[in-house]
Amino acid sequence: MTDIENNIILLNRELPSSVRLVAVSKTKPVPDIMEAYNTGQRIFGENRVQELLAKKDLLPPDIEWHLIGHLQRNKVKYIVPFVAMIHSADSFRLIKVIDQEGSKVNRIIPCLIQFHIADEETKFGFSLDEALSMLSSEEFRKIRFVSICGVMGMATFTSDRKQISKEFIKLKGYFDILRDNYFSGNELFKEISMGMSDDFKIAIEEGSTMVRIGSIIFGERN
Ligand SMILES: *Cc1c(COP(=O)(O)O)cnc(C)c1O
């Protein structure tokens, strides 16, 4: 058995059945992805459109590709025909473009609202107020080709487990507020995408339904 196969099998033993694994394959070559695929892994996450497009054509068609990194509006059109989920819907402007491009290919695109929950300034995402005002707006009601399936967030890069836990609790709280006020009875709104290699155990304790893990599976990136 290869290291990647071994890593993914061990990791799967740690994940409750309620939590789905997004294998983050950014920067990793096609043969590495095939090794993970051969263990049964089908959901892969990439953060760059160019890289995703290049790899996709060399890999099996039953892979579910998830876009997890910041998406530029002019690149949306390249992924809407096939992308299984966009975790990084980080602005209303972007969501409107996803809707327009989705309508052109007549495909409803599953998206997560990305929230800014970390201390760091540079990370993309909505504040709670921004999300609430988007969801309350007249304009949002016209959106037909985006299906909001939940929320996503990244915790601060810190060894302070209490802080990480607090940030994940905050994201779960946002999820609950949105569900209760805008998505009650909507069975598609159910995902909380949180947790990476260093903090996925904390994320699972705080209610994650999807973890996005790269390094543990494929090794450190350069
Ligand atoms: C790279 C990345 C991950 C995975 O990071 P690891 O620490 O390698 O598990 C998860 N989510 C996002 C948004 C990423 O960009």
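Which residues are exposed on the other side of helix 1? They are Asp 3 and Arg 13, where exposed means over 50% relative accessible area, buried under 20%, and partly exposed in between (1.4 Å probe, protein chains only).

A word on the ground rules. This is a predicted model, in which local features need pLDDT of at least 70 and side-chain atom pairs count only at pLDDT 80 or more, while totals for chains, interfaces and linings use all residues. Residues are numbered from 1 along each chain as its sequence is written, and side-chain values use heavy atoms, leaving out hydrogens and water.

**Helix 1**

Helices (H or I, at least four residues) and strands (E, at least two) are DSSP runs, numbered from the N terminus. Helix 1 covers residues 3-14, and its 12 residues should span 16 Å at 1.5 Å a residue; the end C-alpha atoms lie 17 Å apart, which agrees. That expected span is 1.5 Å times one less than the number of residues.

The buried residues of helix 1 are Ile 4, Glu 5, Ile 8 and Leu 11. They sit on the same side of helix 1 because they cover an arc of only 135° around the axis, with the arc taken from the directions between the helix axis and the C-beta atoms. What covers these buried residues includes strand 1 (20-24), helix 2 (30-38), helix 9 (200-205), strand 8 (210-213) and helix 10 (215-218), contact being heavy atoms within 4.5 Å.

**Salt bridges**

Side chains of opposite charge can pair when their charged atoms come close. Here a salt bridge is a side-chain nitrogen of Lys or Arg within 4 Å of a carboxyl oxygen of Asp or Glu, and the structure holds 13 of them. Among them are these:

| Pair | Closest N to O distance |
|---|---|
| Lys 104 and Glu 101 | 3.1 Å |
| Asp 176 and Arg 179 | 3.3 Å |

Take Lys 55 and Glu 51: they are 4 residues apart in helix 3 (residues 49-56), so about one helical turn separates them. Lys 55 counts as buried, at 7% relative accessibility.

In helix 5 (residues 92-104), Lys 104 and Glu 101 are 3 residues apart, again about one helical turn. Lys 104 is exposed, with a relative accessible area of 62%, whereas Glu 101 counts as buried at 13%.

Helix 8 (residues 161-182) holds both Asp 176 and Arg 179, 3 residues apart, or about one turn of the helix. Arg 179 is partly exposed, with a relative accessible area of 31%. This pair also belongs to a network of salt bridges that links Lys 172, Asp 176, Arg 179 and Asp 180.
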